[in-house]
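Subject: A structure for you to look at

Hi,

Here's the structure I promised to pass on. Have a look around first, then read my notes below.

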Amino acid sequence: MASTSELRKALSKYALPSASELRHLRAADPTTSYRASFFRLQIDELLAAAGRKPSAKAAAALQTLLFRVKEVLQSLQDQQVTQDALQARGLRVRNHVKRKEIVLPFQRPSRLDVVGSYILQTMAYASQKSAEYGVLTVDLAVEIPAACFLPKDFGNYRYQDKRNLYLGVLVSELQSQRELFQDVTLQPWHGDCEKPVALLKVNPKFLSEHGVKAAKVCVRVIPVATPELFKLAKLAPSRSNVKHEPNMTEEQMKQCSTPMYNNSILEDMMVRQHTRELHAALKEAPQLAEACILAKVWIRQRGFHKAMDSVNDFLVSMLLLYLYQQKRINAQTPSDQMFKVLVQFIAVHDVEKEPLQFPPAEGGVVLTTEGVQTFRKSFELVFLDSSGRLNLFGRVSRSAWKELQNAAGESVRIVQHCSMDDFRSLFIKKNEFWTRYDQYYWFPAPAPVDDADEDTYTVEEKRTINDVGLERFWLRKLESVLSRALTDRVTLVRPVVEDGVEWDMQDSSLPQMRKVAVGLRINSDNASRIVDKGPSADDKVASAQFRQFWLGKSELRRFKDGAIVDAVVWDGISPENRHRVLDAIVNFIVPAHCPHFTSSQIKTSNAALYSALDVEEPAGVKKAKGSNASFESTMNSVSKLWVIFNNFAKTLRDLDSLPLKVSDVLPVHPAFRYTSLFPVQPHPLAYSKGEKMDAAPMAHVNTVLEPLVLHLKFESSSAWPNEKKALMHAKTGFYVHIGHELQSRLNLRCEVAKDCVDVFMSGYIFRLVIRSEKELSVVTGAAGVKKLAIVHSPEYVLTKREADYLSKHASTVHALHTKNTSFGPTVRLVQRWQADKALSNVLAVEAVELLMADVFLSAASASAPRSVLSSFLRFLKRIASFDWQNAPFVVDLNSSLDDDKRREILKRFEASSTSSATHPAMFIAADYEDVDCLSSWTRFTPDKVVVQRLSALAQASYDVLVSWLASGASSSGWKVAFASSRMEFDAMLQLATENLPTKRIRVEGDKKHPFVAPVYKNMDLTSVPVMVGFDPVHELLQDLQRSFGHLAFFFVNGVDTTEILITWKPQAFLPAKFRAITASYQIPLPNTDAAEDDLANDSTRSYAVPNIFEILSDMQSISYGMVVDVALQPFESS
């Protein structure tokens, strides 16, 4: 027997594949089988977490609860119900044709059905800790008996009024069942507060009595009607069932239509049918249930289910059912493949042009072409159910579908890679509305029709409001007006209202109308255009429509090409304020078409952040009215700089008296790539004699000038010395020669140093630094790069970075900014944020540029950020969410990294992580770096603890900004994201700011300052002594880091440098045995008796800790007067 069992066990290894294994084998692509298998493993883990089925105890408790609810509802007595008798002002009873009060002849429910995801087992349900997935919701469809209605109750809101009164009776009875439900509230049905459903929160005591602990359970009571209640032909989209005005005739009603109103009644009649159809498909294809869960998680992580006009959990399940019935997926398709087919379908299918329709069920109608056209005219999007009468997408707007398509397109791109981070982007990371758009506007809630002035809404608009509801009408109107006004300046206008609310039936009224937020996806190529051309003057009809839309703003103009057209010109917007064109358009057009509010009630998001870039204004100095050192003015100044640089580079290349000819001049200073925090402007003291000065007039200027570094490359030569000192002297010789040539031939002012030559030209100082091909070989010597000690040495990394990487980095980043004009300003904003958080000395600007580049490159072209706000938010999220400890941050600037190179980078990262002393805390690898010298910009700084602080601050700032946007973007709420507290630090070195130079060109006031010079008319400014690149605070920081880096971290604000903040390293303050050789800055601890006993057998030495008072005193002494005061926590409030 034993041998037989062993034989069977051996044979099982060679058994035919099971059905599940066959599915996976068929689905696997041989070229990407590893990735597909890994993705499948991740999917299985997600389904195990988010697709949890209720336990047997929970299912039994729910069954008991539902039977109890059935008993309660079946025991209700027949009665005549009115709103006054019910005392339910929280339920809308319109009584539209006010002849007599609406009376409901109440009868107990004809049947109860459990519908929705609980009974279908397609529920996305996870642990109770999750707010989004931690509630077990059971949908209970309560069928209202047909006897409660009259045959014509589908007209004039009588069905809705009776439905709401019926729900009121159910709610008032269920509210009394305190042992079952702790709270009974109303919530809107798909965003419609006038058509509520009841939400019953189950009493935890009831659940615990039935053995269910720590679970949140809700029952949602949905009143529904029988499918035979009304004649379906009466509810066609072309029919009008609402008498809009009291004196309206039948003939006038026939000329109108109420498609949304009719659709709303139909959906109540079809609820059970949809559940049956889904159940039948799930029985045939069990994998479909998993695909439904994946789709729901995908929808919820992007917040689409919260929007009143977008796709929700039910609709995405119906889309999957449609694909199944259309044979796009079958019963054997794995759930992950079903999900991929779904997002691919959403991404490419144009529902607006090609409506979706289920195959007709028994009793369903087959629509003719004219019938489909009727639906298309009545609704923005069409997705007909199997009856052929109900439009499932009746509430879905065009902008919501386009938003969904954008997200699906991004997901299709992600799915093709299937990496760990890609999976997180698909299903784990939240992608909120407030991070998807480039600019946001807030508009007040619409004025109720009854309270509004006569000119607020036209007759046609009032009829539309009767059909779709006021909030939905307001969203549509804003979307329509803004889309037409902004034209090709934006690719998407997406209006949303605040999240839905719950309310009590006994409340005095329905919830108040909600304000509207509009997100714009900007087209940066056209956004700053100041002229909107209309149709040709020959087209009388189109021209009249254009003028009517712009309400007096349009004028007939002749253009250079000879065209005479109506046009709108946005005058008064200077070139440096072009980013305000969108604000000007919105502030004009919306009040013009919505006269019940003014432009002062409109709020915008982006204008606030521009003020953070005004680093030229010192803190506490009031800005002149209308002044705005925005990023546009910076861009204009950089354009001028490039013109001057190109002329200078040509001059250098034309120098023929040098021993070697200049082959290339590479601008590597951040100013050339638009990322310098302080805007580059001509300095009055940086001109050579004879040059015409075009710098802005200033009374007092800073005499410390910022040099703009240029790398000089000569034609190849083997004559460069092979020894370090000799190479340096050879370069110095070249500097002297270049300086002499420029000064004698072109009369340019030059200052030569050992390692560079500074050239004063047209208000700028160009610092020329020679880079030869022997730089690295001089450092490595004969051993070359084979010797690891050399490769990891700071000297090698620094030389490699400066001689090889910097020029490649500069040119690539400049190209990236040229393609994405918001790149440079956002890098500047990040530097401002770093400064305000006292992190200016933590990350080099090149590291910030690489991090920001990833934000732009990792997004698909359609979803790449196009504004400072959107890119800054994504940057903060990227920094905060990245796993710096366990993964390298790879930036593929030129799309040149294949899988082999990425694997090699990962190997290097893993090898480096084994040595904590040399492993970078932020491993940022760029594609231009060689594998022997990766993460060059962050190789030695920042420290691991500082990276954790950086991530925590980024997350906090991100949360503040998202909360600021979600709450309506107050004028100063964003400043909290940039604010910092000294309470985080242990000590502070106060700097003598009155004796230190500033980085600002213009200096306010006329007080005497060692680094300030007055500027007078006709003054010889070339005679004023200046210092180039002098930064004493930076030098002091380096000294402090060298002497005390093992004891403390140092932080500084690079914009308003008034202090150096200190945080002690905890491990440095652990008691250590006192030794004379390391006694500096140590203070011995007193020995207790117990301690002496313990040490008797070991040593008679005492223990010591660092003496912070001596340390701080020495810090002040090495500053040579720069530090005027030292403070310890707690600091005095300034």
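Phe1011 counts as buried, because its relative accessibility is 13% and the cut-off for buried is under 20%. Keep in mind that this is a predicted model. Phe1030, at 31% relative accessibility, counts as partly exposed. A search of the whole structure turns up 51 aromatic pairs. Phe1011 and Phe1030 make a tilted pair, because their ring centres are 5.8 Å apart and their planes sit at 40°. Phe1011 is in the loop between strand 26 (987–991) and strand 27 (1012–1014), while Phe1030 is in the loop between strand 28 (1027–1028) and helix 33 (1032–1044), so the pair ties together parts that are 19 residues apart in sequence. There's also an aromatic cluster made up of Tyr322, Phe345, Phe358, Phe383, Phe393 and Trp401.

Phe393 turns up again in the largest nonpolar core, which has 125 residues: along with Phe181, Trp298 and Phe427, Phe393 has the most contacts inside it. Helix 12 (residues 287–301) gives this core its largest share, 10 residues. If you click on Phe427 and skip its neighbours within four places in sequence, you'll find contacts with Phe39, Ile43, Leu46, Leu294, Val297, Trp298, Gln301 and Phe339. Another core lies apart from the largest one; it has 81 residues, including Leu613, Phe856, Leu869 and Ala926.

Now for the cysteines. How many disulfides are there? The count comes to 0. Take Cys756: the nearest cysteine sulfur belongs to Cys750 and is 11 Å away, so Cys756 is in no disulfide, because that would need the two sulfurs within 2.5 Å. Cys756 is buried at 6% relative accessibility, and Cys292 is buried too, with a relative accessible area of 1%.

Is Asp268 buried or exposed? Asp268 counts as buried, with 3% relative accessibility. Its side chain makes a polar contact of 2.6 Å with the side chain of Tyr159. Neighbours within four places in sequence aside, Asp268 also touches Arg163, Lys195, Pro223, Val224 and Ala225, among its contacts.

Last, the record. An unreviewed UniProt entry lists several stretches as "domain: Nrap protein", among them residues 138–283 and 434–594. In the model, residues 138–283 are 36% helix and 24% strand, with end C-alpha atoms 20 Å apart. For residues 434–594 the figures are 32% helix and 22% strand, and the end C-alpha atoms lie 25 Å apart.

Conventions: Residues numbered from 1 in each chain as written. Predicted model: local features only at pLDDT ≥ 70, side-chain atom pairs only at ≥ 80, totals over all residues. Heavy atoms only, no water. UniProt positions renumbered as here; feature names shortened; annotations may be inferred. Helix = DSSP H or I, 4+ residues; strand = E, 2+ residues; numbered from the N terminus. Buried < 20%, exposed > 50% of the residue type's maximum accessible area, 1.4 Å probe, protein only. Polar contact = N/O pair within 3.5 Å; in protein donor to acceptor, adjacent residues only side chain to side chain. Contact = heavy atoms within 4.5 Å. Core = buried A, V, L, I, M, F, W, Y, C linked by side-chain atoms within 4.5 Å. Phe/Tyr/Trp six-rings, centres within 6.5 Å; stacked < 30°, edge-to-face > 60°.
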